[in-house]
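Have the model open beside you as you read.

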Amino acid sequence: MSGFGLRLSRSQGMEGFTGNLNGFAIDPSNSNAIFTGDPVVLNAGAIEAASDGATAILGVFMGCRYTDSGGDVVFKNHWDGGSNRSDAVASIALPVASMFWIKGEEGVDFQPATSIGAAHPFVINAGSPQYGDSRVTLGAAGAGALVVHRLVDMPNNKWGTDGPLLEVSCNLQLGTFSDAS
């Protein structure tokens, strides 16, 4: 089974959990797909999908809205670019105090002693245009934007198995006041 990107799981704090969703502009000329669950960064004041090896992210893409050429407002679970769109806004889950579930990359041996508390990179895999969801997975320990906290408590989810489900937080969030460019 392929990955499913980053999925909101819970908050680390005592406050009520809202998912920390905020709106950010999408450059309408951006033709690169962004799927629900993809990590994103700011570039020239607009969001775009983060690249492999990014050690800091703005947040996680949770869908978008835009005005099409006929003047209708369209809501989608992924951004697929296209011409004649305006007022494009992405819903981004900001990682401040948020926890996410992510599938470990197949072929990587995740163990408590080497994974918990360690930074890990995410691995970009092509998302699903049919369903609009991400296929991002978690790579082996090393420089990366995500920190493993625990194994998700689910049946048959074990350390040392291929592609376990892990709960992670963001290692470093780009401040919303700055820009990745």
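Is Glu106 buried, partly exposed or exposed? Glu106 is partly exposed, with a relative accessible area of 42%, where buried means under 20% relative accessible area, exposed means over 50%, and partly exposed lies in between (1.4 Å probe, protein chains only).

A word on the ground rules: this is a predicted model, in which local features need pLDDT of at least 70 and side-chain atom pairs count only at pLDDT 80 or more, while totals for chains, interfaces and linings use all residues. Residues are numbered from 1 along each chain as its sequence is written, and side-chain values use heavy atoms, with hydrogens and water left out.

**Charged pairs**

The structure holds five salt bridges, each being a side-chain nitrogen of Lys or Arg within 4 Å of a carboxyl oxygen of Asp or Glu. Among them are these:

| Pair | Closest N to O distance |
|---|---|
| Arg85 and Asp80 | 2.9 Å |

In the pair of Arg85 and Asp80, Arg85 is buried at 18%, whereas Asp80 is partly exposed at 34%. These two also belong to a network of salt bridges that links Lys76, Asp80 and Arg85. Asp133 and Arg135 are both buried.

**Cysteines**

You will find zero disulfides here, a disulfide being a pair of cysteine sulfur atoms within 2.5 Å. Cys64 is buried, with a relative accessible area of 5%, and Cys170 is buried as well, at 16%.

**Nonpolar cores**

In soluble globular proteins, nonpolar side chains tend to be buried together. A nonpolar core is counted here as a set of buried Ala, Val, Leu, Ile, Met, Phe, Trp, Tyr and Cys residues joined through side-chain atoms within 4.5 Å. The largest one has 21 residues, and those with the most contacts inside it are Leu6, Ile102, Phe122, Leu138, Leu146 and Val168. Strands S10 (98-103), S14 (146-151) and S15 (165-170) are the elements that give two or more residues to this core; strands are DSSP runs (E, at least two residues), numbered from the N terminus. A second, separate core of 15 residues includes Val40, Ile47, Phe61 and Ala90.

Beyond its neighbours within four places in sequence, Val168 is in contact with residues including Leu6, Phe100, Ile102, Leu138, Leu146 and His149, contact meaning heavy atoms within 4.5 Å.

Conventions:
Helices (H or I, at least four residues) and strands (E, at least two) are DSSP runs, numbered from the N terminus.
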